[in-house]
Amino acid sequence: MAAVNVTKKEVARDPDGCDIPYYVSEFVEREVGNDYDSLKKLGSLIEKLSENKKQLEEQVLTVSSEVPKRIQNALKNAEDSKKSLNRLLEEETLLSDSISSHLEKAEPWMEDLGVLISQVEEIERHLSYLKWISRIEELSDNIQQYLMTNNVPEAASTLASMAELDIKLQESSCSHLLSFVRSTVKFWHKILKDKLSSDFEEVLTQLRWPFVGPPQSQAFGLTAPANASDVYNNLETLFCQLLKLQTSDELLTKPKQLPEKYALPPSPPIILPIQIMLNPLQKRFRYHFTGNKPTNVLSKPEWYLTQVLMWIGNHARFLDDKIQPILDKAGSPVNAGLEFSRALVMLILEKLAADIPFLLYDDTLFCHLVDEVLLFERELYSVHGYLSSFPSCMHILSEESCFQRWLTVEKKFALQKMDSMLSSEAAWVSQYKDISDVDEMKVPDCAETFMTLLLVITDRYKNLPTASRKLQFLGLQKELVDDFRIRLTQVMKEESRDSLGFRYCAILNAVNYIATVLADWADNVFFLQLQQAELEVCAESNAVSQLQLGQLASMESSVFDEMINLLERLKHDMLSRQVYHVFKEVTDAAKLYKKERWLSLPSQAEQAVMSLSSTACPMLLTLRDRLLQLEQQLCHSLFKIFWQMLAEKVDTYIYQEIIMANHFNEGGAAQLQFDMSRNLFPLFSHYCKRPENYFKHIKEACIILNLNVGSALLLKEVLQSASESEAPLQPNQPSATAALNELGVYKLAQQDVEILLNLRAIWPNTGK
């Protein structure tokens, strides 16, 4: 019992100083503790422990009997694996020795066989080489035979086959074979080309080619003399034969290329028959527009531009009617008219590339050149259907030094134009002032001229070949808009003393018009494409925040947003100044009306006819005159904003400074309602159907002040009940909000209505 009674703390403190093991004492402490009655459980506890002991002994016996068997099996398996591995190693050693022995015996054979294989491969290469030579000589002999029998079509076809062999051999390292093939192709190509070109030029001469005059003056080309059928048959035959020489011609002739700085798009060479047809025109062009000829003048680029357009126009019908069917029949995808135009345009590009360096620093000549080139491009695309994927004059103008000069000159002349338009006597007068249907925006001449200038600039650069160049021009347009806005702001500040004057209103109309047009342009497909290009540039350079990138990508913003926001801010400031000026005049004119004796006015019953308060006349006349004046001077959208802003300020002023500052008898309340509903509100009825909705404070205050006594008492009681939060509503008693809404009061707060009720001067004695 002494051991049992040892406390848990003591046992834990000195477990080694006791004969009983620590875990046993812990178990006894947990199961028995200090409760002597729990000793009754010792019997069952001993039985339970004995059973556990028995189970543990059985498990130990089972495990001790099974483990040796498993270990024996594992050892046996390991022994078997070891024997198998040793056997495999022995076999591998035997096999390796056998292979080594075989390789030693076969090595002399392999050396002999390697020599034989090398000899065979070399013979095969020689044989292949000889076959290529034989094939080329065979084709060359065939061409010679065809030419001897005057079978030019077959000779041309055979030459085309030889040219295809040349192309196949391009990756070969047999330089002598390549040289042999190329020289053979070159030999026969020259013979065939000279012969066919001579015959083709003779046929063209019979057709009076080229047509240097207008179509109606062409002597033969499209007319039909007696031998026309034979001539056109010869034309078709020779054209097709020359087409067959196209492959060999491309191999042997390198087309003239402009320097890489012009970044011309890749384009195939001009087909051979069209090249021959162009020869006389190219000679004419170089004769007249190069060297010291009087027609080669830097100040007259329109001469050679117009000449090329005339040539394209003069030959268009012949090419479409006579040459295009030949190409279609031959299965060629080439468009004869476009091929002819493309070749002539290349002459223009060479001429521009040569002339522009001499014009860069002469603003007048350079600007004239750009103007003429843009006119040429417009006609080339719109009239002759030139494709944007072809090389064009815009590629030359996009070259870095030329393009930067173009931007500079464009900005210089635009600023000069802005100076002249703003200094003009008619700068602030609308061109359409006498035509009411057209003059809705009341746009002053300077603003319309400026937007026309921006539109012209857009037309000038919209056909540039790259988005980066277009974005630079867009940046110039933004600069010009900002510069014009600053100029308008400066003029506005000069006119700020007369904010209701004609010029100030004209400036406001100009600002509104520019912002409106820019907002319309933002939805134009061209500017949406520029927005996408700007988004890509910004994303690459990390020039803007992720939020701005998201707005650009989702089309929430536009390329002109920054400019539009600045213009809208200026418009709002100018409108606010006008509203302030008119409002000040109205409040000055309302001083007498503010001092009206509202407590002593006769009731409606005492007057035969209600009339406007005499003290209200100056205020209303001022309001009417200014509304009429600004309606004439501001465009509709601006005037709508103006009168709504003014109505809001007048509503607040009359409510706070006149109504809330006075007490009203019955006559005074009726007079106020008459002045407002029959005189003030109708001033705005021309601009909207329900003007009283813009004067809600006044309208609802008049409703409260003109309630009959009974209704006023009931309303006052409802409001008082609602303000006393502890007092519950009586049955069937409406809430304060419902009661006010029923009377038509929605704007005024409950506290304001209570104040208005207290402004009523006469209340009956209710005994309270």
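Is I117 buried, partly exposed or exposed? The close-ups below, all taken from a predicted model, start with this residue.

**View 1. I117 and its nonpolar surface patch.** Let's begin on helix α3, which spans residues 42-148 and holds I117. With a relative accessibility of 42%, I117 counts as partly exposed, because that class lies between the 20% limit for buried and the 50% limit for exposed. Together with M110, L113 and L116, I117 makes a nonpolar surface patch of about 390 Å².

**View 2. The largest nonpolar core and F642.** Now we turn to the inside. In soluble globular proteins, nonpolar side chains tend to be buried together. Here, the largest nonpolar core has 200 residues, and I323, F450, F642 and L680 are those with the most contacts inside it. Helix α10 (residues 336-359) gives this core its largest share, 14 residues. A closer look at F642 shows contacts with L575, Q578, V579, V582, L627, L630 and L634, once neighbours within four places in sequence are set aside.

**View 3. N758 and its partners.** Our last stop is helix α27, residues 750-759, where N758 is found. At a relative accessible area of 45%, N758 is partly exposed. Not counting residues up to four places away in sequence, N758 touches H663 and K716. With K716 the link runs from side chain to side chain, as a polar contact of 3.4 Å. F664 is 94 residues away from N758 along the chain, yet their C-alpha atoms are separated by 9.6 Å.

Terms used
Residues numbered from 1 in each chain as written. Predicted model: local features only at pLDDT ≥ 70, side-chain atom pairs only at ≥ 80, totals over all residues. Heavy atoms only, no water. Patch = residues over 30% accessible without salt bridge, like charges linked within 9 Å, V, L, I, M, F, W, Y side chains within 5 Å. Areas by Shrake-Rupley, 256 points an atom, 1.4 Å probe, with all protein chains shown as cover. Salt bridge = Lys/Arg side-chain N within 4 Å of Asp/Glu carboxyl O. Helix = DSSP H or I, 4+ residues; strand = E, 2+ residues; numbered from the N terminus. Buried < 20%, exposed > 50% of the residue type's maximum accessible area, 1.4 Å probe, protein only. Core = buried A, V, L, I, M, F, W, Y, C linked by side-chain atoms within 4.5 Å. Contact = heavy atoms within 4.5 Å. Polar contact = N/O pair within 3.5 Å; in protein donor to acceptor, adjacent residues only side chain to side chain.
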